[in-house]
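Please look over the structure shown here. The report below describes how its chains meet and what lies inside.

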4 protein chains.
Amino acid sequence: MAIRILVTGGTFDKEYDELTGRLYFKDSHIEEMLRLGRCGVPVAVETVMMRDSLEMTQRDRDTILMRCREAPEKWIVVTHGTDTMVETAAVLAAAATGKSIVLTGAMVPWAFGSSDGLFNLGSALSFVQLLPPGVYVAMNGRCFSWDNVRKDRVLGIFEKIEP
Amino acid sequence: MAIRILVTGGTFDKEYDELTGRLYFKDSHIEEMLRLGRCGVPVAVETVMMRDSLEMTQRDRDTILMRCREAPEKWIVVTHGTDTMVETAAVLAAAATGKSIVLTGAMVPWAFGSSDGLFNLGSALSFVQLLPPGVYVAMNGRCFSWDNVRKDRVLGIFEKIEP
Amino acid sequence: MAIRILVTGGTFDKEYDELTGRLYFKDSHIEEMLRLGRCGVPVAVETVMMRDSLEMTQRDRDTILMRCREAPEKWIVVTHGTDTMVETAAVLAAAATGKSIVLTGAMVPWAFGSSDGLFNLGSALSFVQLLPPGVYVAMNGRCFSWDNVRKDRVLGIFEKIEP
Amino acid sequence: MAIRILVTGGTFDKEYDELTGRLYFKDSHIEEMLRLGRCGVPVAVETVMMRDSLEMTQRDRDTILMRCREAPEKWIVVTHGTDTMVETAAVLAAAATGKSIVLTGAMVPWAFGSSDGLFNLGSALSFVQLLPPGVYVAMNGRCFSWDNVRKDRVLGIFEKIEP
């Protein structure tokens, strides 16, 4: 079985613009990361948008949902900015696509030396192959159900919502 | 639940000796890789040996098995050289420990720029959390049962044994 | 003879803040870079300030000048943001310290994978050992006299002022 | 003025063969390193051979000398394995080419994360522009005359021959 990777931007794919000194989006690094990881799973990579997740709108989330629906694959990994990853997960979950959808991202851009991106990508691609249909967030080597996770913005990690 | 990582050496942990120009083992890089991956799963790292897997003996494999048995955790990841990973997996499987044991490794040393190690580590730590008890090999983003995998030494990838 | 390295900030030493997604200054990376370069020249590293060069004031430049004067060494390398490197060079040149002072910097932060910082540091430390007293800018493998160089902000390179 | 870079192999350009676990030569990384260093000096790169310097013969050294002579440039940088760099320097010096020739190398392959190669390349390209005709070794941020340098094989650094 194949995995569809939907690229939506986020820290994952940010680069450094050496002329302005600012971070920006150019192309996705996912293909390069898959090569580095010697990924042997059949994967179709599709760039849906290149968005900072703080700037993502409801319309953007609807687009991501549409692409999840239209994808022929049952296994979907969505790369996404961490700040609103949980909001997008909720939108995807509400639609009940019947697919296994895993959102992942990175705290440090892949283009930087110390990124967690490759670890998270390996993790998300693995979780998605074993999870039952549903929407999940894979970060920090853990997998959370969409309705039981929040980002701790002070520590920069994802954690379960304690009741 | 926590994961026990048993370090046994392999390409994963090889370093370059700048005085002799040869590759050798010093300390494991697993702790550093877990930090880079911002791993949030409780993990206990234990260096069992630092061995090139082509030089691994039956006695070494017995030692690894013993450590799998003695570990209090149900989830175990073994980092291992790729050349004889499948042989060690067979030894662990024969012993029926009742635990989920995932072997992983790398084609390129972590200390090098283009290693697949971080991807594989993220992958193995994820698979182990969802798999039923048994022994598995996690490489190239895929997970294989111990008795249905071989390393293609020409292509450098792991694949299913076709019947 | 020894070289004094005066650290003033600039792109060289910027880091990525994973909580805010912004670039910021923490500690200088110069010591780490010298280790990586296996630098065998006696070097004294002194952090004067950590400033984005666009925010550098006349008072900051006076401070840098004072440190150049007070340093016991005849050879001085100043790491500096590229945007106003030439302005600081002019202030140092006007003071006629009788020392060889080489300013250098980077277009991409050292903490990123693709930085030119190590190349420029090796270059600046080499030029300073051979140049007569004066103030120079070492960038792109070239060495320019302070009064005959400008940064091309569109191309991101330093070049001679053509008459 | 332009610089000719003569590539002869050495640790600089070694790569990791993930199928055999051995180090080997493929193509030179010099062009990539010049891009990373945003080198603005006109440079002509010429691969003369890809040799481990311990295996270099007198015939190889004669070839390198011939290429130094034939090069139209007055400034020449030779990348070379560190173990016999000094021997090659002696051959080039005996021939009195009237050019400034700087040999440099690396203790750690460029393809690895922690290489000194970029630092040394920046250093050699800078020294060559200022030195009078002669043959030199540029390592560890220092520049040595060909007849006053030796490699300390225990420490892995180059140093002056003390009288």
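How much area is buried between chain B and chain D, and what share do carbon and sulfur atoms give? The model is predicted. The area buried between these two chains is about 1,300 Å². Carbon and sulfur atoms give 60% of that area. Three residues stand out on the side of chain B: B:Y16, B:E18 and B:L19 supply 40% of the area that chain B buries against chain D, more than any other three residues.

The side of chain B that touches chain D is made of 10 nonpolar, four polar and two charged residues. Between chain B and chain D there are zero salt bridges.

Salt bridges between chain B and chain A number zero. Polar contacts are found, however: 10 residue pairs, both at pLDDT 80 or more.

| Chains | Residues in contact | Buried area | Share from carbon and sulfur atoms |
|---|---|---|---|
| B and D | 16 from chain B, 16 from chain D | about 1,300 Å² | 60% |
| B and A | 26 of chain B, 26 of chain A | about 2,200 Å² | 67% |

How are the copies related?

Chain B superposes on chain A with an RMSD of 0.0 Å, by a rotation of 180° with 0.0 Å of shift along its axis. Again the same surface serves both copies: 100% of the contact residues of chain B recur in chain A.

The largest nonpolar core has 51 residues. Those with the most contacts inside this core are C:I5, C:L121, D:I5, D:L121 and D:L125. What does D:L125 touch, leaving aside neighbours within four places in sequence? Its contacts are C:F119, D:I3, D:I5, D:L34, D:C39 and D:V77. A second, separate core has 50 residues, including A:F119, B:F127, B:L131 and B:A138.

Technical notes
Residues numbered from 1 in each chain as written. Chains lettered and ligands numbered in written order. Predicted model: local features only at pLDDT ≥ 70, side-chain atom pairs only at ≥ 80, totals over all residues. Heavy atoms only, no water. Contact = heavy atoms within 4.5 Å. Buried area = accessible area lost by both parts, 1.4 Å probe. Salt bridge = Lys/Arg side-chain N within 4 Å of Asp/Glu carboxyl O. Nonpolar A, V, L, I, M, F, W, Y, C, P; charged D, E, K, R; others polar. Core = buried A, V, L, I, M, F, W, Y, C linked by side-chain atoms within 4.5 Å. Buried < 20%, exposed > 50% of the residue type's maximum accessible area, 1.4 Å probe, protein only. Least-squares fit on C-alpha atoms with pLDDT ≥ 70 in both. Polar contact = N/O pair within 3.5 Å; in protein donor to acceptor, adjacent residues only side chain to side chain.
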